[in-house]
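Here is a short briefing for a first look. Keep the sequence and the 3D view open as you read.

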Amino acid sequence: MNEEYDVIVLGTGLTECILSGIMSVNGKKVLHMDRNAYYGGESASITPLEDLYKRFSMPGVVPESMGRGRDWNVDLIPKFLMACGQLVKMLLYTEVTRYLDFKVIEGSFVYKGGKIYKVPSTEAEALASSLMGLFEKRRFRKFLVYVANFDENDARTFEGVDPKKTTMRDVYKKFDLGQDVIDFTGHALALYRTDDYLDQPCQETINRIKLYSESLARYGKSPYLYPLYGLGELPQGFARLSAIYGGTYMLNKPIEEIVVENGKVVGVKSEGEIARCKQLICDPSYVPDRVKKMGKVIRVICILNHPIRNTNDANSCQIIIPQNQVNRKSDIYVCMISSAHNVAAQGKYIAIVSTTVETNNPDKEIRPAMDLLEPIEEKFVSVSDMFSPTDLGRESQIFISRTYDPTTHFETTCDDIKDIYKRMMGSEFDFEEMKRKKNDIYGEEEQQ
């Protein structure tokens, strides 16, 4: 403890572990502490199942029908990885992939008029989909071809659209797409949570749909990947990376005080000792006075003994319920995984419903999603606050991550990581640079 570090990191959530890994690879001396006895913070996977019952203060004992408690690894925050997304790039560049095994999620579905349909994201699927009428299919297919050919550096691919000025609403009009198609394109392909994007320049949306299509093209079933044994494996993988580069880890460490002198962080006090540092990274729970509340998220972990209806008996899937379909401002998400991912006992499925809370009755808000999952064996409900930093860290050198949002992918988490990196280092996060540094270190071994 009584040492000087470049960076101290508090909390072992995914955001903190990735930054700790990146800082260690960058040659910084890192101390990583967590008041909990386990890795993952808010984004942990809970095992055995008994611990999940305790965490949610469920009465009684775990029923025998649930199988062995150790067979369960239940994520508290459900997310999938986009196959061509930023987190997969971070995993590949840091070689954290060597500690993890992934499976492709079997399908992505969208809710319309009380039913669920497979999300069409290739020309062939668009033509076969029962989501649209015949003429709509042709128009949607043209739209997909346009998006696939779109290149922001080549004006010939714009077809009269100005990516920085034309709104997405106008692009949909150009292809004469109806409201239902707009709904699933914006929410199930571009993965927006609200409809605010419609009146913004179209470049970002087109790039998001391209990312979805490219991720899908990589494995064919869906654009999403999921790690065996649960998402808790991700922070642990980056923690290993940090340790390889000399990072120091301390779990079960109570944090008594973040020591600030003249408005700038100088260290962290724990059990009477002070570890000194130049910069500090932490999650919102360590600095309640430096964050503001941004709303609430409801998440319901459901244990099922059957796959979700109308998903072709998939052992894993994602369902998006666009807000327009259920008269809301934000989407409802369902992620489902099963014993095939080593996260549940044989024959069991875990479905997690999540959304932004909009009323005083969050249970009622998620009803459309819960109805899709019936019958449900057991459910664990949490409503938690979302926080974002009021202090960007320029003066204090305290850099605070954002709470994980209800989206079912890691793109927003990766944006936060890059944002914190930029504020800490004063330069953009550069994957290529990391790759070069790593080659310098691993260079000799590879030639043998």
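Two strands count as paired if DSSP finds at least two bridges between them. With that in mind, start with a sheet, then turn to a helix and to confidence. This is a predicted model.

**The open sheet**
- Three strands make up an open sheet, in the order β5-β9-β6.
- Their pairing is antiparallel.
- β5 (81-82) and β6 (102-104) are the edge strands, and each pairs on one side only.
- Strand β9 (residues 224-227) is joined to β6 by three bridges, in the antiparallel sense.
- V104 sits opposite L225 of β9.

**Helix α12**
- Helix α12 covers residues 411-425, which is 15 residues.
- Its end C-alpha atoms lie 21 Å apart. At 1.5 Å a residue the helix should span 21 Å, so the two values agree.
- Buried residues in α12 include E411, C414, I417, Y421 and M424. Also buried there are T413, D416, I420 and R423.
- An α-helix has 3.6 residues a turn, so residues three or four places apart point the same way.

**Confidence**
- The mean pLDDT of the chain is 91, and 96% of the residues score at least 70.
- Strand β19 (residues 398-400) has the highest confidence in the chain, at 98.
- Helix α13 (residues 431-447) has the lowest, at a mean of 54.
- Residues 441-448 have a pLDDT below 50. This stretch has six contacts in the model beyond near neighbours in sequence.

Methods. Residues are numbered from 1 along each chain as its sequence is written. This is a predicted model: local features need pLDDT of at least 70, side-chain atom pairs count only at pLDDT 80 or more; totals for chains, interfaces and linings use all residues. Side-chain values use heavy atoms; hydrogens and water are left out. Helices (H or I, at least four residues) and strands (E, at least two) are DSSP runs, numbered from the N terminus. pLDDT is the predictor's confidence in each residue, from 0 to 100. Contact means heavy atoms within 4.5 Å. The expected span of a helix is 1.5 Å times one less than its number of residues. Buried means under 20% relative accessible area, exposed over 50%, partly exposed in between (1.4 Å probe, protein chains only).
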